[in-house]
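Please keep the sequence and the coordinates at hand.

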Amino acid sequence: MLNFIDHLEAITNAPSVEELWELHSTRMARYGFDRIILGYTRYRTTSSLGDPQDWVVLTNQTTEYMRAFIDEGMYFNAPMVRWALENDGACSWSWVAENLDSMSQGELRTVEYNRSMGVTAGYTISFRSVTARTKGAVALTAKKNMTQDQVDGIWEKHGRDITLANSVAYLKLLTLPYARHRQLTKRQREVLEFVGDGKTTADIAYLMNLTPATIEKHLRLAREALDVDTTAQAVLKAAFYNQMFIIDA
């Protein structure tokens with residue numbers, strides 16, 4: 001295993017989300033965390049985290065678990081999600097047992113579901129937000145044969161390193177191109193970049209030596225790929241997912 005400094009150096013130099021995730025998940029498994037959900041949203045409001053389709057989510061959890069947790073909305077009643085939204089930093093999942101008496105029926109159902117899936121011991125790290133619309137967090141689930149006391153023991157020895165490794169991985173993820181929706185083609189990206197520079201359809205047609213109708217077609221396809229209604233939204237979402245002004249390998 002790479003020493004800690006070499007690992008951080010490898011993460012900061014990762015050229016893709018896939019390579020970043022391989023490095024990070026392998027490192028966390030060495031600490032005993034073999035199931036991870038790392039994600040963030042740029043569409044948070046006072047009452048919502050936005051459409052889950054717009055989240056950036058990396059995980060090695062099972063498809064069955066993620067279907068219930070994300071697709072069926074169980075995250076909405078997850079106690080540690082609530083903690084992450086209200087706090088920054090790292091928290092032992094012993095917090096769940098300590099606060100059972102104050103939980104809603106929905107949260108208690110989520111706790112029971114997690115027990116049935118072997119999601120019982122771990123830590124959650126909530127990353128500090130820099131804008132009101134963003135929030136990122138990671139759920140580190142320990143191996144099924146580990147107790148929370150064992151996990152807390154690991155954290156006592158390595159918690160600062162684990163927190164730092166996750167923070168660096170999260171910050172690196174924010175910089176990498178991510179395609180939750182369909183990947184933009186080179187032409188679609190190019191026309192959106194020109195729009196972002198303030199160019200009109202006529203300007204773009206002239207600069208790309210294409211007809212205005214062709215430019216409008218590329219803009220429409222870009223909107224469809226990003227699942228938005230307007231070109232302004234397309235530019236914003238493409239920027240959020242780092243799909244603008246990409247340096248091709």
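Thr110 lies in helix H6; helices (H or I, at least four residues) and strands (E, at least two) are DSSP runs, numbered from the N terminus. The model is a predicted one, in which local features need pLDDT of at least 70 and side-chain atom pairs count only at pLDDT 80 or more, while totals for chains, interfaces and linings use all residues. Residues are numbered from 1 along each chain as its sequence is written, and side-chain values use heavy atoms, with hydrogens and water left out.

With a relative accessible area of 2%, Thr110 is buried; the term means under 20% relative accessible area, whereas exposed means over 50% and partly exposed lies in between (1.4 Å probe, protein chains only). Not counting residues up to four places away in sequence, Thr110 touches Met74, Asn77, Ala78 and Pro79, where contact means heavy atoms within 4.5 Å.

Helix H6 also takes part in a charged pair. Glu107 forms a salt bridge with Arg82, and their closest N and O atoms are 2.6 Å apart; a salt bridge is a side-chain nitrogen of Lys or Arg within 4 Å of a carboxyl oxygen of Asp or Glu. Because Glu107 belongs to helix H6 (residues 105-116) and Arg82 to helix H4 (residues 79-86), the pair ties together parts that are 25 residues apart in sequence. Glu107 is buried at a relative accessible area of 9%, whereas Arg82 is partly exposed at 27%.

A pocket is defined on a 1 Å grid over the protein atoms alone, as an open set of points where a 1.4 Å probe fits, with protein on both sides within 12 Å along at least five of seven lines; lining residues have an atom within 4 Å of a point. Grid points are joined across faces, edges and corners, and a volume is the space filled by probe spheres set on the points. The largest pocket holds about 740 Å³ of space. It is lined by 39 residues, of which Phe69, Ala78, Met80, Val81 and Ala139 are the closest to its centre. At least two lining residues come from each of E1, E2, helix H3 (63-71), H4, helix H5 (94-98), H6 and E5. The lining comprises 26 nonpolar, 10 polar and 3 charged residues; here Ala, Val, Leu, Ile, Met, Phe, Trp, Tyr, Cys and Pro count as nonpolar, Asp, Glu, Lys and Arg as charged, and the others, Gly among them, as polar.

The second largest pocket has a volume of about 260 Å³. Of its 15 lining residues, Ser47, Ser48, Leu49, Phe76 and Leu85 are the closest to the centre. H4 gives the most to this lining, with 3 residues, and the classes are 6 nonpolar, 6 polar and 3 charged.

Which residues hold the most contacts within the largest nonpolar core? A nonpolar core is a set of buried Ala, Val, Leu, Ile, Met, Phe, Trp, Tyr and Cys residues joined through side-chain atoms within 4.5 Å. Among the 35 residues of the largest one, Met28, Phe33, Leu38, Leu140, Ile162 and Leu173 touch the most other members. Elements that each supply at least two residues include helix H1 (4-12), helix H2 (17-30), strand E4 (122-127) and helix H7 (148-173). H7 gives the most, with 9 residues. Beyond its neighbours within four places in sequence, Met28 contacts Phe33, Ile36, Leu140, Ile162, Ala165 and Asn166. A second, separate core of 23 residues includes Leu49, Ile70, Ala84 and Tyr113.

The whole structure has 9 salt bridges. In helix H8 (residues 186-196), Glu193 and Arg189 are 4 residues apart, about one turn, and their side chains meet in a salt bridge of 3.8 Å, N to O. Both ends are buried, Glu193 at 14% and Arg189 at 11%. Arg220 and Glu224 likewise form a salt bridge, at 3.3 Å between the closest N and O atoms; they are partly exposed, at 36% for Arg220 and 40% for Glu224. Asp88, Arg128 and Lys135 are linked in a network of salt bridges.

Finally, Ala234 lies in helix H11 (residues 231-240) and is buried at 1% relative accessible area. Neighbours within four places aside, Ala234 is in contact with Leu192, Arg223, Leu226 and Val228.
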